[in-house]
Amino acid sequence: MRTAPVRPLLVLSLTAIAALGAAVPAGAHGGTTIAKGSGRGVSVLVQAEDATTDGGKPAVDLSTTIEGRGTGNGATVTYWIRPAGGKTFRATTTRDEAGIAHTDVPTAGRGAWRDWDVSAILATSTGIRIRVSNAEANPPGPDPAASSVSGSTAAPDATATGSTTTAAPASDAGITDVSGKSDGAPLWSLVSVPLIVIAAVGLILLGRRRAARDAERQD
């Protein structure tokens, strides 16, 4: 009796792996994870990596991946940044084609960005406001609707892709802080992953049966 062909099983296994990979949400631009959390059906992941402004000055690329209800085109992300020993300022973001909110913030005169306290405040299109921060005990900034001082008080060469301004204090009432928290696995993952595994096992067994029948015919 001939042994079962290896290639069909390999193809089925690769198909199952690809399906599992498709079930995993896309990540942000990359770099160091600054803060993350999820709550009220929304998840937020903030990452940072070295960059330069359009003028060639050193900067940090802050990017935020948001997922969940109300995180489509109508959602916005605002950063509140407190450099070590410096004044807190606000940085707005733009959304790329993948829906990732990002901006380049100049680092000159602000110390190492890895020493910054950073809050990302998400305002969803459904009216929910979520905050994640790497300074959970004392997160910088109030809420994204707070007024800011613009014009001559803004930092020179503020940002390459967003806008950075100093900000007046305001209340953070109405913001849910989910830093380091989790809503648990989303419903789609609880449903889809077992189904994918079952389908993959079924395909492998079906392939083995077909290979066995082919081998019997050739005996």
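In this predicted model, the side chains of aspartate 117 and arginine 82 form a salt bridge, with an N to O distance of 3.0 Å. Aspartate 117 belongs to strand E8 (residues 117–123) and arginine 82 to strand E4 (residues 76–82), so the pair ties together parts of the chain that are 35 residues apart in sequence. The two partners fall into separate accessibility classes: aspartate 117 has 24% relative accessibility and counts as partly exposed, while arginine 82, at 19%, counts as buried. The cut-off matters here, because buried means under 20% relative accessible area.

The number of salt bridges in the model is 2. The other pairing joins the side chains of arginine 131 and aspartate 177, at 2.9 Å from N to O. This pair also links distant parts of the chain, since arginine 131 lies in strand E9 (residues 129–133) and aspartate 177 in strand E12 (residues 175–177), 46 residues apart. Arginine 131 is buried, with a relative accessible area of 6%.

Serine 179 is placed in the loop between E12 and helix H2 (187–218). When neighbours within four places in sequence are left aside, the residues in contact with serine 179 are Lys36, Arg131, Val132, Ser133 and Glu136. Serine 179 and asparagine 134 are 45 residues apart in sequence, yet their C-alpha atoms are 7.5 Å apart in space.

These local links may be set against the chain as a whole. The chain contains 2 helices and 12 strands, which follow the pattern α-β-β-β-β-β-β-β-β-β-β-β-β-α along the sequence. Among contacts between residues at least 6 apart in sequence, 63% join residues at least 24 apart. Of the 219 residues, 37% count as buried.

The largest nonpolar core has 26 residues, and those that touch the most other members are Ile34, Val44, Leu62, Tyr79, Ile81, Val105 and Leu122. Two or more residues each come from strands E1 (32–39), E2 (42–52), E3 (58–68), E4, E5 (89–92), E7 (101–106), E8 and E9. E2 gives the largest share, with 4 residues. In soluble globular proteins, nonpolar side chains tend to be buried together.

Nonpolar residues also occur at the surface. The accessible surface of the chain comes to about 11,900 Å², of which 57% belongs to carbon and sulfur atoms. Val197, Val201 and Leu205 form a nonpolar patch there, with about 230 Å² of accessible area together. Valine 197 lies in helix H2 and is partly exposed, with a relative accessible area of 40%.

Definitions and conventions. Residues are numbered from 1 along each chain as its sequence is written. This is a predicted model: local features need pLDDT of at least 70, side-chain atom pairs count only at pLDDT 80 or more; totals for chains, interfaces and linings use all residues. Side-chain values use heavy atoms; hydrogens and water are left out. A salt bridge is a side-chain nitrogen of Lys or Arg within 4 Å of a carboxyl oxygen of Asp or Glu. Buried means under 20% relative accessible area, exposed over 50%, partly exposed in between (1.4 Å probe, protein chains only). Contact means heavy atoms within 4.5 Å. Accessible areas come from the Shrake-Rupley method with a 1.4 Å probe; for residues, only the protein chains shown count as cover. A nonpolar core is a set of buried Ala, Val, Leu, Ile, Met, Phe, Trp, Tyr and Cys residues joined through side-chain atoms within 4.5 Å. Patches are made of residues with over 30% relative accessible area and no salt bridge: like charges are joined within 9 Å, nonpolar side chains (Val, Leu, Ile, Met, Phe, Trp, Tyr) within 5 Å.
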